[in-house]
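Please keep the sequence and the 3D view at hand while reading.

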Amino acid sequence: MAYSYQLKRVDFIFRNENDWEKVLSATIKKKPEELINELISSELKGRGGAGFPTGLKWKLTAESKAPEKYVICNADEGEPGTFKDREILSKVPYKVLTAMAVCGYVTGAKQGFIYLRGEYKFLEAELYKAIDEFQYYCKEIDLDFKIKIFMGSGAYICGEETALMESMEGRRGEPRNKPPFPTQAGYMGVPTVINNVETLVHTWTIFKYGAKKFYDLGVQYSRGTKLFSVSGDTPKPGIYELELGMSLQDFVYEFGDGDTKAVQVGGASGFLVPRKKFKDTAIGYEGKLVGISLPTGGSMMLFNSSRSMFNVLDNYLEFFREECCGQCTPCRVGCQQLLLGIKAVKRGEKPASYLNKLLKLTETMQLTAKCGLGQSVANSFSSIVENFREEMIY
Amino acid sequence: MNPIQSLIRNLANQYGRSRENLLPVMQGVIQQEKFLSEYSMIEIAREMDIPAAEVFGTATFYSFLETKPAGKYIIRVCKTITCAMKGKNQLLFAIQDMLKIKVGETSPDKRFTLLETNCLGWCHKAPAMLVNDEVYTEVSPERVREILTKYMNENN
């Protein structure tokens, strides 16, 4: 069967460019407002998964009159199936550092941090080398901006921005109530821009090539490119930069092993899409194009028909139960009960209708949990249980 | 001053004594001692002037801040979905068989501790494991024997 499909491969992020000094000095000659407008018109949205408009984030922080501000690069990449940030930091660290310094220039922050997850400690020495070289150049052009690495110690929840700040302040990584948002009161209570590693690299692309070049890629509401971490049952696992807005069907044609049963989009906190819905699913931020549109931090895990979806869900729930910070009851008790619940149904100790009760529990968690972790357990749980109900029971 | 006290004092001098330096100080102790004993946590609390309960509370939150005695080499095998699909169990069996310890245990010679951990971020090269800070990917049972032999033969 001939099926013509289009997946647009792009190469911006890992393009080897040795001109960061030029880009940095040219960019900071422009006015901060100009740079913010450039970012806003590019429609760049956060690439960590939540999709907040980056230009707006910088603008809000820039507008604050606080004497001290911070820039944080979130490299606590813990979502199962995501491994793009490590690749960026090891291959093109200077792009990240440049983007952080520009962010500091735009917002008025003098200090930047990279929050690096403990699992990536082997990157620390190399990264410090890059930082030293970078700081040396900053001094030369009279740019007052320092960058430090803060090492995490193995906690998925610290990828949540306010939990990350708690952790940097020397406390348990428990998410804060929002508002106030980090742009108002972040690290040490002062306005803070916190961006994902990949988001920062995209700002580099925008500052170097202009917003239009970025805007012209992708589709409406989902502009630009995105790094996808492809793993699972695929003949070519790895990291790929693709234009946003592709249909999942096209993705599976390219990366599937011919027997793809389902794809998990967005990691354990994302959605499972079964084969019959591939055609109707697009990858991008909200906005109705082809049926449903799913955002993702870049994690794409493929499962073929040899996999039991019960085992997949069981693995996710165990992950959430362990990584839940334990602060709020819906998530702490919810994750435990969901895990016990599906096991009881599988063993026949509870009737199949018990699954409906568990689905209701995830709805409650979605409404009442304090942070994104507890709220998003419902995503994978309901998409797996609803689409593969019989596998949960027999 | 005993060695732990002076280690903690040096770390506190290096990073500072305010609360936001608690994690770097604890990480420094782990680097040297492999785990945070009750004694080191109390010493950290005294040195940095923080309630000991707060130090304990913070330490126990993070999975890489061990509070139980651990061996010289901490093996962390990734158990999240892709690694689980690509042979994590065979890898664990091979390690258990070779070191004669189960998950969560430390070998009698205090050389190895075996643990499972959540996603290490190497899903495209599964299964993955960490030995202290060193990463090993696409580890087959055969390869893990070679890797561990290397650590076993290392002096002291």
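## The sheet of chain A

Two strands are said to pair if DSSP finds at least two bridges between them. In this predicted model, 4 strands of chain A form an open sheet, in which the order is β3-β2-β1-β4 and the pairing is parallel. At the edges of the sheet lie β3 (146–151) and β4 (192–196) of chain A, each of which pairs on one side only. On average, and with direction ignored, neighbouring strands of this sheet are turned by 20° against each other.

## Helices of chain A

Helix α7 (residues 161–168) of chain A lies across all the strands named in the sheet, that is β1, β2 (111–116), β3 and β4 of chain A, and runs at about 100° to β2(A).

Two packed helices are described by the angle between their axes and the distance between the axes. For helix α3 (residues 54–63) and helix α5 (residues 93–107) of chain A, the axes come within 8 Å and cross at roughly 45°. Because of this angle, α3(A) is oblique to α5(A). Where the helices meet, Trp58(A), Thr61(A) and Ala62(A) of α3(A) face Cys103(A), Val106(A) and Thr107(A) of α5(A). Sorted by class, this contact of α3(A) with α5(A) has 4 nonpolar, 2 polar and no charged residues.

## Domains of chain A

The domain assignment divides chain A into domain 1 (20–215), domain 2 (218–304) and domain 3 (309–393). The centres of domain 1 and domain 3 of chain A, taken over C-alpha atoms, are separated by 33 Å.

How many residues of domain 1 of chain A are in contact with domain 3 of chain A? There are 8 residues of domain 1 in contact with 8 residues of domain 3, and the side of domain 1 that touches domain 3 has 5 nonpolar, 1 polar and 2 charged residues.

## Chain B

Chain B has 7 helices and 4 strands, which follow the pattern α-α-α-α-β-α-α-β-β-β-α when read along the sequence. Taken along the principal axes, the C-alpha atoms of chain B fill a box of roughly 50 × 30 × 25 Å.

Of the 156 residues of chain B, 40% count as buried. Among the contacts in chain B between residues at least 6 apart in sequence, 60% join residues at least 24 apart.

Technical notes: Residues are numbered from 1 along each chain as its sequence is written. Chains are lettered from A and ligands numbered from 1 in the order in which they are written. This is a predicted model: local features need pLDDT of at least 70, side-chain atom pairs count only at pLDDT 80 or more; totals for chains, interfaces and linings use all residues. Domain bounds come from an automatic or database domain assignment. Two residues are in contact if their C-beta atoms, placed from the backbone, lie within 7 Å. Ala, Val, Leu, Ile, Met, Phe, Trp, Tyr, Cys and Pro count as nonpolar, Asp, Glu, Lys and Arg as charged, and the others, Gly among them, as polar. Helices (H or I, at least four residues) and strands (E, at least two) are DSSP runs, numbered from the N terminus. Axes are lines fitted to C-alpha atoms, for helices over the stretch in contact, and angles run from 0 to 180 degrees between N-to-C directions. Angles under 35 degrees count as roughly parallel, over 145 as roughly antiparallel, 65 to 115 as roughly perpendicular and the rest as oblique. A residue is buried if 20 or more other C-beta atoms lie within 10 Å of its own, exposed if 12 or fewer, and partly exposed in between; C-beta atoms are placed from the backbone.
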